[in-house]
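Have the sequence and the 3D view open as you read.

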Amino acid sequence: MSVTEREPGARARLAALLAPPLLWLILAYLGSLAVLLLSAFWTTDPFTSDVVHSFTADNFREILTDPVYRTVALRTLGIAVVVTLLDALLALPMAFFMAWVATGRLRRALLVAVLTPLWAGYLVKAYAWRVMLGEHGIVNAVLAPLGLHGPGYGTTAVVIVLAYLWLPYMILPLHAALERLPAHHLEASADLGAGTLRTLRSVVAPAVRPALLAGSVFTFSLSLGDYLTVQIVGGRTQLLGNVIASQVTLDLPLAAALSAVPVVLVVCYLAAVRRAGALDSL
Amino acid sequence: MHLSRTARIVLGCVTAAGLALIYLPLLLVLLNSLNADPSFGWPPGALTGEWWRRALHSAGARDALWTSLQAGLWATALALVLGSLAAFAVHRHRFFGRQTVSFLIVLPLALPGIVTGIALNAAFRTVLTPLGIGFGLFTVVVGHATFCVVIVFNNVAARLRRIGPSLAEASADLGARPWQTLRHVTFPALRPALFAGALLAFALSFDEVVVTTFTAGAGTRTLPIWIYENLARPHQAPVVNVVAALLIALSVLPVRAAQRLSSDPAGGRL
């Protein structure tokens, strides 16, 4: 890199560059997280619902022992995994088509077509599905002649809508990875006598894996923390996000302790994915 | 690799189906903004322009739009400064803890919005409220800037990696002062990335609901908050639908702008 630390003034310049963003992140972000973590060790007086500032691990004990929280955490984790798998299943063929079959104009047009919905807004899309999945919505209208009934509002609807919302986040890194894969690698593989399956396994898969993991960071962690989709199309389904949201005003220390669950899950996932080099493809 | 004809057709069909799935809900919102039935039964019986007229006169939606624009512009401005500084520090210098700094910057985007939201809420109540600073536009901007920094950082860092140090070195060898190099060499090369980063950061702020819910306080309503509050009210549903339709229609503009002004066909990175 251009500036080495031996150069005069480089150290001062680095300090000047780093200080504002670091101060901001430490004060506004890490500071807030620290306050949250600290308040997880406080309790709420059950009669006055004031926060009592005495140090105790009761909240964490409650989360770990109460089966309700375990069920909610497992359900949330399950939904995040299913959403990630669904998105991967749909995004892979789309990315393959965009990168290998479509060329020139068509490829650019497809890229725009995948990107545009990202700008249409989260709530707008969740709302669109609420209308579609409603009792008199188009899903039921289409399924009725077949003698079927749509999923209505509930866990299935949450999975569908979350997978829908995060699909572009999975397509984009996959497309970028496949587009970067040099064509002569594929030709070389064929010249060396590898069949399609062998090439897919030995040449394409290693290139796709980091992108798949990068995309899954979005689909997985966005699903883990989501609570609005659940409120909009989830019916009575309870996920970590909306349990936390409903506890914020009632019992902030408990909400703080609960929010440690998705944080731990996301950090573990990020650490696992980082080993596979996926964060560079983000 | 040679893809068989069948494979191409299958891939094409899945892609077409995927795109249809992506666009069907959005097209329905557009269509329903003209649906005379306020509960949007399918198929629509009659069409009406009444909802559009009502939405254009909705003071609540207009105020919310103004708040969103202000919050987005302030957060983007802050993110541009902080994100670019951090990108320069991380990519033009080697120092102890460099990896940690990049990890720290990505964290606000990776952690769930609700965690960031209640953390900021708890911190503002502990620190700002005793100082007499209430929840409002300021707290919203602080919340949004925190995750917008990542976007600018990612875009500028990617660009810095691509252009490499040689141009700046050549400029220095030719006798340019650091400030001149920055102005005449580095900044022009970075402009597309700055633009893409700013556009994405603004979009992220404009669309954000979760962090906003916990940092806005009672009187401040951004457009997504307004939509969310009115979503469940049957009387307001058609007006919300028109606002949604408008946002969908307008979403074409930033994508075009990003493509035209940056060399990257994807118009920047998340």
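How many helices and strands are there in chain A? Chain A has 12 helices and two strands. Bear in mind that this is a predicted model, and the values below are computed from it.

**The two chains**

| Property | Chain A | Chain B |
|---|---|---|
| Span of C-alpha atoms along principal axes | about 80 × 75 × 35 Å | roughly 75 × 70 × 30 Å |
| Buried residues | 45% of 282 residues | 48% of 270 residues |

What is the radius of gyration of chain A? It's 24 Å, whereas a compact globule of 282 residues would have a value near 19 Å. The domain assignment of chain A gives domain 1, residues 1-29, and domain 2, residues 67-281. The C-alpha centres of these two domains of chain A lie 36 Å apart.

**Where the chains meet**

Now look at the place where chain A and chain B touch. Chain A puts 74 residues into the contact, and chain B puts in 71 residues. Which helix gives the most to chain B's side? That's helix α1 of chain B (residues 5-32), with 13 residues. Sorted by class, the side of chain B that touches chain A holds 52 nonpolar, 14 polar and five charged residues.

**One helix pair across the contact**

In general, you describe two packed helices by the angle between their axes and the distance between those axes.

Which residues do the touching? From α1(A) there are Gly31(A), Ser32(A), Leu33(A), Val35(A), Leu36(A) and Ser39(A), and they meet Ile118(B), Ala119(B), Leu120(B), Ala122(B), Ala123(B) and Thr126(B) of α5(B). By class, this contact between α1(A) and α5(B) has eight nonpolar and four polar residues, with no charged residues.

**A closer look at one residue**

Let's finish with Phe202(B), which you'll find in helix α8 of chain B (residues 178-207). Is Phe202(B) buried or exposed? A residue counts as buried if 20 or more other C-beta atoms lie within 10 Å of its own. Phe202(B) has 23 of them within 10 Å, so Phe202(B) is buried.

Which residues does Phe202(B) touch, leaving out those up to four places away in sequence? They are Gly72(B) and Thr76(B). Take the pair Phe202(B) and Gly72(B): they are 130 residues apart in sequence, yet 5.2 Å apart in space, C-alpha to C-alpha. You can find both in the 3D view and see how the fold of chain B brings them to that distance.

How values were computed. Residues numbered from 1 in each chain as written. Chains lettered and ligands numbered in written order. Predicted model: local features only at pLDDT ≥ 70, side-chain atom pairs only at ≥ 80, totals over all residues. Contact = placed C-beta atoms within 7 Å. Helix = DSSP H or I, 4+ residues; strand = E, 2+ residues; numbered from the N terminus. Nonpolar A, V, L, I, M, F, W, Y, C, P; charged D, E, K, R; others polar. Rg over C-alpha atoms; globule rule 2.2 N^0.38 Å. Buried ≥ 20, exposed ≤ 12 C-beta atoms within 10 Å, placed from the backbone. Domains from an automatic or database assignment.
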